[in-house]
Amino acid sequence: MIEKNIQKWHQLIKGDFPGGYDELLADDVIFYSPVVFTPQKGKDLAKLYLMAAGNTFGGDESNNEGELKDSSFHYTKEVLNGSQAILEFETQIDGKYINGVDIITFNDEGRISEFKVMIRPLQAVNIIHMQMQKMLEEFKNHE
């Protein structure tokens, strides 16, 4: 089941799965951001953060749904085991190299129950923090 779920995640990131966040995220999902101290609980908050991350990583090429069309973002490694996936990624923002992992846990219904993002190096964390803050403000202003 994990392979099918991760395939859907990859489709979502590419923009080939409209409404994918609503289908993939559990109502009680917990999102762990690399730049926010407290876990973000619930589908609405997780969706907001994931869309902001997609727009941050995708730069000008992304759209308002957080899909990473034609950006430098790409997954480099994938480890799938049981209900968990660890996806390593690389990208560049403003010419700065960013490396990180998405740690994704699926529940028995095949929905994401936990999504944790870890990023390195420190310079990348600082860039992501500034960009995400800006993106989240823009999303909140459009509500």
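Two strands count as paired if DSSP finds at least two bridges between them, and the strands (E, at least two residues) and helices (H or I, at least four) are DSSP runs numbered from the N terminus. With that in hand, β4 and β5 pair in the antiparallel sense over 10 bridges. Q84, for example, stands opposite T105 in β5. Two residues lie between these strands in their hairpin, where D94 takes a positive phi near 50°.

A word on what you are looking at: this is a predicted model, in which local features need pLDDT of at least 70, side-chain atom pairs count only at pLDDT 80 or more, and totals for chains, interfaces and linings use all residues. Residues are numbered from 1 along each chain as its sequence is written, and side-chain values use heavy atoms, without hydrogens or water.

Now follow the chain onward. β5 joins β6 through eight antiparallel bridges, with I103 partnered by K116. Their hairpin has five residues between the strands, and G110 in the turn shows a positive phi of about 80°. On to β1 (residues 25-32), which runs parallel to β6 (residues 112-120) over four bridges; here F31 is partnered by F115. Altogether, six strands make an open, mixed sheet in the order β2-β1-β6-β5-β4-β3, with β2 (40-41) and β3 (74-81) at the edges.

Finally, meet W9. With contact meaning heavy atoms within 4.5 Å, and residues up to four places away in sequence not counted, W9 touches residues including Y21, L50, I104 and F115.
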